[in-house]
Amino acid sequence: MSGRPTRVLVAGAGGTLGRLMAAELQRRVCEVRAIVRKKRSANERLSDDVREVQALAPGAWRGVCDDVDVVLSSLGASVAPTPFVGWRPYTRVDAPANLALLEEATRARVRRFVYVSLIGGDTSRHLDYSEGHERVVDALRASSLSAKVLRPTGFFAAMTAIVDFARRGPVPVIGDGHWPTNPVDERDLAELAVAEALTEDPSYRETDIGGPETFTRREIAELAFAALGRRPRLLHVPAAVMRASGHALRVANPRAGHFVLFATHIMTHDCLATPRGERRLCDAFAEYVRPKT
Ligand SMILES: NC(=O)c1ccc[n+]([C@@H]2O[C@H](COP(=O)([O-])OP(=O)(O)OC[C@H]3O[C@@H](n4cnc5c(N)ncnc54)[C@H](OP(=O)(O)O)[C@@H]3O)[C@@H](O)[C@H]2O)c1
């Protein structure tokens, strides 16, 4: 890939991680093709080449990978803890959208495909969220492309929802809160994803990534209160109650129900990855609560 800048397609470029990957690629002097669901004024800065793709529409990806060297995908159904961001389960968004993208990348003879999955997805395929990702991982493993899979823990950006809970009242902690995790700053993940995208290595590889510090779920809730300068107030919710709620919610909104089941699983199991990230959660929380000028 010498003689001209590497051309990288970022799928999910309007999302939390996608934006950061697009910015990091531009910093590394790559040409970025940013794929968004809907163009917004905030997306203009992503790249000079921003394209709208409805990822689940038949034929939507046709020609999108032409002239592209590397595909980097963080496209996936939202993991925001709210039922108002869509109803389709993860297996009906993440898997079909990324499989269609992989098919088009293969047709266009893209050299490398980097995909963001999750830590522990391969051992929790009974969860719709994990299965949605793992179907893509299966296809990448079998693909003729040079494929890289990243397996992060929870992003700091996702942890800020706990600060929002703490502002409003007690923070729900599923189970007794003793299970450990080392969440990762999405900027550290974006840097790793771009490094993987730009590394010449044809072999299939999976790389896990977590942050530098390990906390119990209870400690993360306490850290959120500390950032606000408040006394911790926790509300312990039995895992069985959450599981029953998740199954019931699936009837009204399948994705929301599956999200509750996934959240219950990760809060009642280890969720640990190699600590490759450097940024600290307390700094991210401090930044989040700082009044914006
Ligand atoms: N957040 C975490 O803690 C975490 C942890 C581990 C793994 N992950 C995985 O990492 C990936 C990136 O996470 P993130 O937090 O950056 O997610 P995000 O902010 O929700 O970004 C996902 C992007 O995918 C796009 N998208 C979804 N459905 C689409 C469709 N039908 N057509 C076109 N675009 C579509 C979204 O577009 P809109 O902006 O228009 O909605 C969004 O820009 C996800 O696959 C997630 O499962 C996340």
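Let's start with charge pairs: a search of the whole structure finds 28 salt bridges. A salt bridge here means a side-chain nitrogen of Lys or Arg within 4 Å of a carboxyl oxygen of Asp or Glu. Take one of them. The side chains of E104 and R62 meet at 3.8 Å, N to O. E104 sits in helix α2 (residues 94-107) and R62 in the loop between β3 (49-52) and β4 (70-73), so this pair ties together parts that are 42 residues apart in sequence. Helices (H or I, at least four residues) and strands (E, at least two) are DSSP runs, numbered from the N terminus.

A word on the source. This is a predicted model, where local features need pLDDT of at least 70, side-chain atom pairs count only at pLDDT 80 or more, and totals for chains, interfaces and linings use all residues. Residues are numbered from 1 along each chain as its sequence is written, and side-chain values use heavy atoms, with hydrogens and water left out.

Now the ligand. What surrounds it? The shell holds 24 residues, and the closest are T16, L17, R37, Y129 and F155.

Next, the backbone. A backbone N or O atom of G15 lies 2.9 Å from an oxygen atom of the ligand. For L17, a backbone N or O atom is also 2.9 Å from a ligand oxygen. At G76, a polar backbone atom is 3.3 Å from an oxygen atom of the ligand. Polar contacts of this kind are pairs of N or O atoms within 3.5 Å. How much of the ligand is buried? Alone it exposes 890 Å², and the protein buries 87% of that. Those areas come from the Shrake-Rupley method with a 1.4 Å probe. Helices α1 (16-27) and α3 (128-142) are the elements that give two or more residues to the shell.

Technical notes. Near = heavy atom within 4 Å. Polar contact = N/O pair within 3.5 Å; in protein donor to acceptor, adjacent residues only side chain to side chain.
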